[in-house]
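Dear colleague,

I am passing on the structure below, and after it I describe what was found when going through it. Please keep it open beside you while you read.

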Amino acid sequence: MHSHLPYVVNHGTWPHGMEWLHEAAAETYLPLLRVLGRLEKDGLALKANVNLSPILLEQLSHPVFKAEFPKYLDRKITAATEDEAFFLQGGETHYAETARFWQAFFQEALDDFHALGGDIIKGFRHFNDKGLIEIITCGATHGYMPLLGTDESVRAQVRTAVDAHKRHIGKHPRGIWAPECGYRPAGFWNYPVPDDDGTTHKGFDRIGVEQALSESKIEYFFVDTHLVEESERIPSPYELLNGQVPRDEATIRMTHENHRGLYQPYYVDGPYDKRYATTIFPRDPRTGVQVWSGDTGYPGDGSYLDFHKKRWPGGHRYWRVTGPKLDMAFKQPYYPQEAAEKVKEHAGHFVHLVYEALKDGFNDTIPPILCAPFDAELFGHWWFEGPLWLEAVARTLAEYPTGIELISCSDYLDKYPRAGFISMHEGSWGAEGTNHVWMNPDTSWTYNHIYPAELYTREVATADKWKDGALGERIMKQLCRELLLLESSDWQFLITTGAARDYAEKRFNVHNEQFLEVKAIWQAFEQNGSLNETEDRRLSELEIRDSVFPDIHPEYWAAGAKAS
C-alpha cells in the first residue's frame with residue numbers, strides 16, 4: 001500500500017491543500033490503524049508492505065497538521081449533527097441515522113488521534129516493530145526518477161528518503177516504492193527539453209534506478225507487469241561462472257515456467273556491483289482491476305458509499321453507488337450494514353482470484369508470491385469500505401485452508417531465493433506504461449525549470465563555500481528543500497489528469513519562484529558574505545513555509561556524491 005500526498009502544509013486549505021491531508025488521515029490512515037489493531041487483538045496480521053512516503057511523514061509530524069486536524073474533525077462532527085437535525089425536521093429518518101453514523105465515525109477518529117498523542121506515525125511504527133506490517137520508503141518528495149536530470153538528484157531523493165525514514169520509523173528501510181513504479185536502466189540519456197532560456201544540455205551516461213537503491217542499501221522495489229513481461233532473462237553471474245544456463249536456454253526456461261513469470265522476485269541486471277543487487281517484485285494484473293476499478297471492480301458495487309455525491313456545506317455522503325454510470329440525481333440511500341456484508345463477499349472473491357493465479361505453483365519447491373500494489377488512499381478515502389475489505393481478506397485467509405499465506409516482501413526474501421537476473425526497459429505503471437503522464441505537451445514546460453535548478457544545485461553543492469556551518473549552509477539547505485518540492489511528480493500527474501490542474505500549476509510555479517528566490521539569496525551571500533535585512537527575513541519566511549527534512553544534507557547533491 002502506497003501512502004503518499006504532496007506537500008500541502010502552509011499551501012492552501014480548501015478545496016485543495018490541507019483538506020487532502022485531513023481527509024486521508026481521517027478516512028484512510030486512522031481506519032487502517034483500527035484494522036491492524038483488531039487483527040492484532042485476534043492474533044492475526046495483514047503483513048502488508050506499507051509505504052509511508054517521506055514527505056507524508058514530514059506532514060503527519062508537522063505542528064500545523066497536529067494543531068489543525070482536531071479542528072477539522074470537530075467541524076465534521078458539527079456538520080453531521082446539523083445534518084441530523086435537518087433530516088429529522090423533514091421526517092427523513094434513515095438519512096438522520098446515517099448522519100449519526102458520520103458523527104460516530106469522526107468522533108472515533110478524534111478519539112484515536114488523541115489516544116496516539118497526535119502521533120499517527122507512532123501507530124504505524126507499533127505494527128512495524130511487531131512485524132505485523134512492513135513500512136517501506138519512497139522518493140523523498142515522490143520525484144519521478146526516469147525524468148530527473150542528474151544522477152545526484154536521483155540519489156538525493158533516495159538518500160534523503162532513507163534519512164527521513166530512519167528518523168520517523170527508527171529503522172533503515174529494506175524496500176522502497178519507486179514513485180509511479182518508474183524505472184530507468186543505466187545508459188546514455190539526452191535531456192528531452194531545453195531550459196527555459198533555450199539552453200540545451202549535453203546528454204550523459206546515467207545510472208539506473210537499481211544502482212541508486214543498491215548504494216543506499218535498499219533491497220527491493222516494485223515494477224509494473226509489462227516491465228517484467230517484456231524483460232529479458234539474464235543468467236546470474238554465478239550461473240555463468242559455473243558454465244550453466246546460456247542465454248538462449250535461459251529464455252526458453254523462463255517461457256517454460258511461465259506460470260511463475262509474474263509471481264517471483266528477480267535481481268535487476270545492470271552495470272553496478274552485483275554483490276549488492278537490488279530485487280524487483282512484479283505487479284499482479286488480475287487482482288489490480290478488481291480493486292482499482294470504480295466501473296467493473298469492487299468499489300463500483302451498488303451497495304458501497306458513493307464518492308462523488310455530497311451534501312453541502314458539511315460535505316458528508318449519504319448515498320450509495322447504486323450504479324457507476326448513474327446520474328447523481330438517481331443515487332439511492334446508503335446502508336452501512338449492507339455495505340459491510342458485501343465486503344465479505346468481495347474478500348472471498350479476491351482470495352479466489354489469488355488462488356487461481358498461484359495454484360499452478362503450489363507444488364513448486366519455492367512457493368510463488370503475488371504482489372498486488374495499490375495507493376493506500378484508495379482504501380477508505382476513495383473506497384470507503386476498503387479498510388474493512390482488507391480486514392476481511394486477512395480473516396478469510398486465516399479461517400479457510402486455502403494454502404495461501406500473507407507475507408511481507410522482506411520475509412519472503414529472507415526465506416527464498418530470487419528467480420535470477422532480468423534486464424528491463426524504461427517504464428512506469430502510468431498510462432501507456434511510459435513516461436507520458438509526466439512528460440507530455442501539457443507538462444514539458446515544468447522540466448524547462450527543473451533541469452536548470454538541478455544543475456545549479458549540483459554546481460553550488462560541489463563547491464565548498466556553503467560549508468560554513470552557519471548562514472551559507474542554512475541557505476543551501478533551503479535551496480535543496482525547494483528543489484525537492486519542485487521535483488515532486490504530483491504536479492505533472494495532477495496537470496495531466498486534470499484532477500487539480502490549477503492548483504498543481506500554481507504550486508509548481510510557487511516552488512520554482514521560491515527556488516529562484518533562494519538562488520538569488522545565495523548569490524547575494526556569495527558576493528557579500530552576508531544578507532541584508534530583507535533577504536534574511538525572506539529566507540526565514542521560506543524556512544517556515546517549507547520546513548521539511550530538518551536534517552537535509554546538501555552534500556548529497558555534490559557532483560558524484562553517493563552513499564558508500
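How many strands form the open sheet, and in what order? The sheet has 4 strands in the order β1-β2-β3-β4, with parallel pairing, where strands (E, at least two residues) and helices (H or I, at least four) are DSSP runs numbered from the N terminus, and two strands pair if DSSP finds at least two bridges between them. Because β1 (2-3) and β4 (176-177) stand at the edges with a single partner strand each, one side of each has no neighbour in the sheet. Strand β3 (residues 134-138) is joined to β4 by 2 bridges, and C138 stands opposite W177 in β4.

This is a predicted model, in which local features need pLDDT of at least 70 and side-chain atom pairs count only at pLDDT 80 or more, while totals for chains, interfaces and linings use all residues. Residues are numbered from 1 along each chain as its sequence is written, and side-chain values use heavy atoms, with hydrogens and water left out.

Turning to a loop, L370 is found between α12 (336-358) and α13 (386-399). At 19% relative accessibility L370 counts as buried, a term that means under 20% relative accessible area, with exposed over 50% and partly exposed in between (1.4 Å probe, protein chains only). Leaving aside neighbours within four places in sequence, L370 is in contact (heavy atoms within 4.5 Å) with Y263, D284, T287, V354, A357 and L358. By comparison, P70 lies 300 residues from L370 along the chain, and their C-alpha atoms are separated by 39 Å.

Best wishes
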